[in-house]
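I opened the model and kept notes on what I looked up. The entries follow in the order I made them.

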Amino acid sequence: MRIVIAGGHGKIALRLERLLAARGDDVAGIIRKPEQADDLRAAGAEPIVCDLESATVDEVAAALRGADAAVFAAGAGPGSGPERKHSVDHAAAVLFADAAERAGARRYIIVSSMGAGTEPAPGTDPVFAEYLRAKTAADVDLSARKDLDWTILRPGALTDDPGTGRLQLAAKTGRGPIPRDDVAAVLAELLDTPSTAGLTLEVISGPTPVPVAVKDISGN
């Protein structure tokens, strides 16, 4: 498959690029900064420089032309304010979905967040609350689309611990941590499992091997 990943220099995206390239997929990553290109090449991915906060739908669709699947793994990142939570985590996700529709890349997976889908609890840090609202808005937009075979993945608390290859994947898992290695592994498996289209899934560390967890949730 040819797979294009938004946020191609992110910690999950770089891991996913390595996995996909190693298994023989044609992988490209969209990045904002040209100086990030060598890191993508080292991961086995083609770098595409495109700023999703300022690009047009046609420009992003050009990057997606010929893709079999699209993965939105971009984020404003820690230290950014509430405005960028909405311009990246929401607006850029909508733009990427619009572009995927225009380019005919039907398979679309978005990396969302545990806690999206509900109003943040009272007392939540204000910037983090806006992040969750932005993620929720992006998920709501995506789930209404009929021209994309979408899956929404909401990981728990992300860590840089080595992956275990085992996790819990369900509509509701409860809160818990998960290594970024394992998030990348489940994304790769989801890309190969079109029967997970239309599902919103939470994922945390757990006892089940990644391929088995995805097979179970897809009903296969």
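What volume does the largest pocket have? I read about 1200 Å³. A pocket here is an open set of points on a 1 Å grid over the protein atoms alone, where a 1.4 Å probe fits, with protein on both sides within 12 Å along at least five of seven lines; lining residues have an atom within 4 Å of a point. Points are joined across faces, edges and corners, and the volume is the space filled by probe spheres set on them.

Before going on I noted the terms of the model. It is predicted, so local features need pLDDT of at least 70 and side-chain atom pairs pLDDT 80 or more, while totals for chains, interfaces and linings use all residues. Numbering starts from 1 along each chain as its sequence is written, and side-chain values use heavy atoms, without hydrogens and water.

I found 40 lining residues, and Ala73, Ala74, Gly75, Ala76 and Gly77 are the closest to the pocket centre. Two or more residues each come from α1 (11–22), β2 (26–31), α4 (82–103), α5 (126–143) and β7 (157–159). Helix α4 gives the largest share, five residues. Helices (H or I, at least four residues) and strands (E, at least two) are DSSP runs, numbered from the N terminus.

Strand β10. I looked up its partners, with pairing taken as at least two DSSP bridges between two strands. Strand β6 (residues 149–155) runs parallel to β10 (residues 200–205), with four bridges; Ile152 stands opposite Thr200. Strand β8 (residues 166–170) is antiparallel to β10, also joined by four bridges, and Leu169 has Val203 as its bridge partner.

Two glycines. Gly198 sits in the loop between α6 (180–191) and β10. I read a relative accessible area of 41% for Gly198, so I list it as partly exposed. Its C-alpha is 5.6 Å from that of Thr151, 47 residues away in sequence. Gly123 lies in the loop between β5 (107–111) and α5; with 86%, Gly123 is exposed. The cut-offs are under 20% for buried, over 50% for exposed and partly exposed in between (1.4 Å probe, protein chains only).

Whole chain. I counted seven helices and 11 strands. Of the 220 residues, 50% are buried. The C-alpha trace spans about 40 × 40 × 35 Å along its principal axes. Among contacts (heavy atoms within 4.5 Å) with a separation of 6 or more, 68% join residues 24 or more positions apart.
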